[in-house]
Amino acid sequence: MKMMFEVERQDLADTVREMFNRKDTNIAGGNMSVKIFDQTGHPYLLLTPSFMSETYYAKLSPAQILVIDFDTLEKIDGVGVVTREVNMHELAYKAHPGIRCVYHSHSEESMFWATMGKDMPNVTEVTRELGEIKCLPFAPACSQELADTVFEALKKIGNKAMENIFLLNSHGVLITSTDLHVAARILETVEWNARIAYQQTIFIKLGILNDYQSCGNDYKVPMPAGSLPGIALPGINKINIPQPFPEDIQRPNEDIY
């Protein structure tokens with residue numbers, strides 16, 4: 001007899017382990033969730049358990065991926081305790097109906113920018129589609145204040161919330177996306193960008209560069225219209241029961257630089 005959402009839970013467990021092995025988070029934690037639906041269209045969250053990294057070193061079985069009723073936040077299935085940061089996941093999903101994955105990590109290179117409370121310069125071609133990489137105001141980890149801050153910031157950016165990364169001041173990063181594997185791609189490419197931006201900072205201080213450079217120009221020069229891909233939707237739908245995304249989604253152009 002299969003577990004509830006067994007295929008999807010296995011996929012999340014595999015991705016969590018890969019994230020940890022690739023040093024995209026540290027042993028202090030991080031958490032990941034995916035929003036899925038049953039045959040009636042009722043929403044659930046698949047969520048990593050508390051102490052995902054500290055106790056289990058991200059070596060999770062599918063049974064340790066928790067099934068949470070999205071409407072009540074009640075644990076329906078799974079072995080483990082619900083993370084205290086479930087409130088941040090809940091409000092991130094409520095900010096935009098197109099968000100199907102919330103990915104929180106303590107990623108090393110991005111943490112450099114987050115601890116300063118500074119927006120990260122966006123300099124690599126592959127990350128330019130994300131637009132500004134903003135750092136949110138500080139709020140304590142696991143607090144309702146942090147969850148509310150994330151909610152308001154995601155509401156403000158509209159459809160961009162379907163493919164976005166925020167720096168959480170002194171805490172890490174929060175990625176929202178349409179798909180778990182899109183979120184993993186965002187994290188790794190932003191980690192590369194974080195290191196390269198740091199190296200460019202040194203060159204700026206040495207007087208070798210006037211400002212951050214990207215795609216042959218100053219990094220704030222807008223990308224040509226039509227040069228960026230649309231918001232990524234899952235090519236292979238791993239959601240148990242597919243649910244439509246919002247219609248007429250568009251990547252905003254005004255902040256793509």
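**Exercise 1. Helices H2 and H4**

In this predicted model, determine at what angle helix H2 (residues 86-95) and helix H4 (residues 144-157) pack and how far apart their axes are.

Solution. Step 1: the packing angle of H2 and H4 is about 20 degrees, and their axes are 8 Å apart. Step 2: angles under 35 degrees count as roughly parallel, so H2 is roughly parallel to H4. Step 3: the crossing in which H2 passes H4 is right-handed. Step 4: on the H2 side, the residues in contact are Asn87, Met88, Leu91, Ala92, Lys94 and Ala95. On the H4 side they are Gln144, Leu146, Ala147, Asp148, Val150, Phe151, Leu154 and Lys155. Step 5: sorted by class, this contact of H2 with H4 contains 9 nonpolar, 2 polar and 3 charged residues.

**Exercise 2. Helices H3 and H5**

Classify the orientation of H3 and H5, and state the hand of their crossing.

Solution. Step 1: helix H3 (residues 108-116) and helix H5 (residues 180-206) have axes that come within 7 Å and cross at roughly 55 degrees. Step 2: the two helices are therefore oblique to each other. Step 3: H3 and H5 make a left-handed crossing. Step 4: H3 contributes Glu108, Glu109, Ser110, Phe112 and Trp113 to the contact, while H5 contributes Val190, Glu191, Ala194, Arg195, Ala197, Tyr198 and Thr201. Step 5: the contact of H3 with H5 comprises 6 nonpolar, 2 polar and 4 charged residues.

**Exercise 3. The sheet**

Give the strand order of the open sheet and identify the strands at its edges.

Solution. Step 1: the sheet has 8 strands in the order E4-E3-E2-E1-E5-E8-E7-E6, with mixed pairing. Step 2: strand E4 (75-77) and strand E6 (135-136) each have a single partner strand, so one side of each lacks a neighbour in the sheet and both stand at the edges. Leucine 47 lies opposite leucine 66 of E3.

**Exercise 4. Helices across the strands**

**Exercise 5. The whole chain**

Compare the radius of gyration with that of a compact globule of 257 residues.

Solution. Step 1: the secondary structure amounts to 5 helices and 10 strands. Step 2: the C-alpha trace spans about 65 × 40 × 30 Å along its principal axes. Step 3: a compact globule with 257 residues would have a radius of gyration near 18 Å, and the protein's 18 Å agrees with this.

Key
Residues numbered from 1 in each chain as written. Predicted model: local features only at pLDDT ≥ 70, side-chain atom pairs only at ≥ 80, totals over all residues. Heavy atoms only, no water. Axes fitted to C-alpha atoms, helices over the stretch in contact; angles between N-to-C directions. Helix = DSSP H or I, 4+ residues; strand = E, 2+ residues; numbered from the N terminus. Parallel < 35°, antiparallel > 145°, perpendicular 65-115°, else oblique. Left-handed = near helix turned anticlockwise from the far one by under 90°. Contact = heavy atoms within 4.5 Å. Nonpolar A, V, L, I, M, F, W, Y, C, P; charged D, E, K, R; others polar. Pairing = 2+ DSSP bridges. Rg over C-alpha atoms; globule rule 2.2 N^0.38 Å.
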